[in-house]
Amino acid sequence: MTVRRKVFGAGLAGLLAAAGLALLAPSSGPAGAAPIDGGARMADSCPNGYVGLTFDDGPNPSNTTTLLNTLRQNNVRATLFNTGQNAAANPSLVAAEAAAGMWIANHSYTHPHMLTLSAANMSSELSRTQSAIQAAGGGTPRIFRPPYGETNATLEAAASALGLRTVTWQVDSQDWNGASTAQIVQAASRLTDGQLILMHDQYATTIAAIPQIVAGLTSRGLCAGMISPTTGRAVAPTGTGTPTTPPPSGGSCTATYSEGQKWTDRFNGQVTVAGSNAWTVTVTVTSPQRIINTWNAAVSWDSTGNVMTARPNGSGNTFGFTIQHGGNWNWPALTCRA
Ligand SMILES: [Zn+2]
């Protein structure tokens with residue numbers, strides 16, 4: 001899928017990018033025609049670096065497919081820390097994770113408190129998981145995250161012997177602890193270059209947060225990256241030693257945003273879809289914005305009210321909406337799938 005947003009003229013855009021400024025406010029520059037291809041994640045789109053979106057404890061029959069679809073729809077790749085027992089029980093989901101372009105990592109076989117185990121049993125937990133993921137078509141993991149983040153030198157030596165770099169996280173989404181979607185989004189807003197956020201495979205609250213997390217990262221000049229097996233930090237997906245699975249292509253359509261009328265408290269936006277007559281466009285606004293009116297599309301909302309899904313309603317391939325901005329003039333993030 002492709003996401004296009006009209007931005008300022010190339011000269012001004014380059015100048016602002018060089019100054020490290022985000023290209024956000026619809027009212028602060030002349031309209032131009034140079035599109036940014038969000039799908040390709042050009043280097044210029046990630047001026048402030050990369051963060052690692054991570055999801056632990058899968059794959060689960062109840063949730064992993066939804067997680068993968070949501071990640072694909074939002075055009076991001078994540079690192080999935082699978083347990084060996086779940087990989088062995090759900091090999092087709094491991095294969096689906098790989099096919100979706102995700103990086104699959106090791107999260108032990110039975111999810112024990114690893115530091116209570118003998119060194120031999122630590123090694124067994126790790127190596128059985130490598131085998132289960134490999135057998136399912138998930139490749140050979142290079143990254144290990146110990147359950148509960150509990151690690152020590154003995155465990156890290158056992159991991160290293162299998163070619164695994166041990167990582168934990170810098171930001172805990174608290175999704176495992178009952179955090180709301182808004183709280184998960186808020187946690188992700190603390191991420192800075194190189195950092196990893198802990199999330200889990202099995203919570204609807206986490207999945208509902210993904211569009212807003214991605215919109216927030218984009219607005220801060222950050223992109224979702226892979227975890228470097230060398231440093232354990234999030235880096236550009238093109239770094240050395242990386243998985244080579246390309247991002248999924250998804251359906252082919254393009255959604256282009258254009259500005260409409262502006263008032264002191266609200267503004268209109270219009271989205272034109274090209275490439276398909278059977279499209280689904282997600283429009284994600286960031287708090288405190290609210291979409292208060294729409295036209296020429298059939299729309300539905302996620303539980304947060306920040307993510308609107310629009311489909312054709314017989315009025316053609318251009319639809320519009322009014323955003324009550326609450327002081328936030330940022331354009332909404334768009335994704336299109338056909
Ligand atoms: Zn876990």
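## Stop 1: two prolines

Select P288 to begin: this residue sits in the loop between strand 15 and strand 16 (290-295). Helices (H or I, at least four residues) and strands (E, at least two) are DSSP runs, numbered from the N terminus. The peptide bond between S287 and P288 is cis, with omega at about 5 degrees. Now jump to P59, in the loop between strand 3 (50-58) and helix 2 (64-73). Here too the bond, from G58 to P59, is cis, and omega is near -10 degrees. For context, most residues other than glycine have a negative phi, and most peptide bonds are trans.

A word on what you are viewing. This is a predicted model, in which local features need pLDDT of at least 70 and side-chain atom pairs count only at pLDDT 80 or more, while totals for chains, interfaces and linings use all residues. Residues are numbered from 1 along each chain as its sequence is written.

## Stop 2: the whole chain

Zoom out and colour by pLDDT (the predictor's confidence in each residue, from 0 to 100). The protein chain has a mean pLDDT of 84, with 82% of its residues at 70 or more. Select residues 1-42: pLDDT is below 50 there, and the stretch has 77 contacts in the model beyond near neighbours in sequence. Two residues are in contact if their C-beta atoms, placed from the backbone, lie within 7 Å. Residues 239-250 also stay under 50, and the model has 19 contacts for them beyond four places in sequence.

Switch to a cartoon view, and the secondary structure comes to eight helices and 20 strands. Among contacts between residues at least 6 apart in sequence, 74% join residues at least 24 apart. Of the 338 residues in the protein chain, 43% are buried. A residue is buried if 20 or more other C-beta atoms lie within 10 Å of its own, exposed if 12 or fewer, and partly exposed in between, with C-beta atoms placed from the backbone.

## Stop 3: strands 3 and 4

Select strand 3 together with strand 4 (residues 79-82): they pair in the parallel sense over four bridges. Two strands pair if DSSP finds at least two bridges between them. G58 has N82 as its bridge partner in strand 4. Which residues of strand 4 are buried on each side? T79 and F81 are buried on one side, L80 and N82 on the other, and both faces of the strand are covered.

While you are here, pick D57, in strand 3. Phi of D57 is near 80 degrees, a positive value in a residue other than glycine. D57 is buried, with 20 other C-beta atoms within 10 Å.

Compare Y148, in the loop between strand 6 (143-144) and helix 6 (153-161). Y148 also has a positive phi, about 65 degrees, and is not a glycine. Is Y148 buried or exposed? Y148 is exposed, with 12 other C-beta atoms within 10 Å.

## Stop 4: the core

Next, select V51, A78, I197 and V281. Within the largest nonpolar core, which has 76 residues, these four touch the most other members. A nonpolar core is a set of buried Ala, Val, Leu, Ile, Met, Phe, Trp, Tyr and Cys residues joined through C-beta atoms within 7 Å. Helix 8 gives the largest share of this core, eight residues. Domain 1 (2-39 + 250-337) and domain 2 (50-235) both contribute residues, so the core lies between them; the domain bounds come from an automatic or database domain assignment.

Stay on A78 and show its contacts: leaving aside neighbours within four places in sequence, they are L53, T54, F55, L71, M102 and A224.

## Stop 5

Finish with the open sheet of four strands, in the order 17-18-15-20, with antiparallel pairing. Its edge strands, strand 17 (298-301) and strand 20 (333-337), each pair on one side only. From one strand to the next, the twist averages 20 degrees. Helix 8 (residues 204-219) packs on the sheet and touches strand 15 (280-284), strand 18 and strand 20, its direction making about 65 degrees with that of strand 15. Axes are lines fitted to C-alpha atoms, for helices over the stretch in contact, and angles run from 0 to 180 degrees between N-to-C directions.
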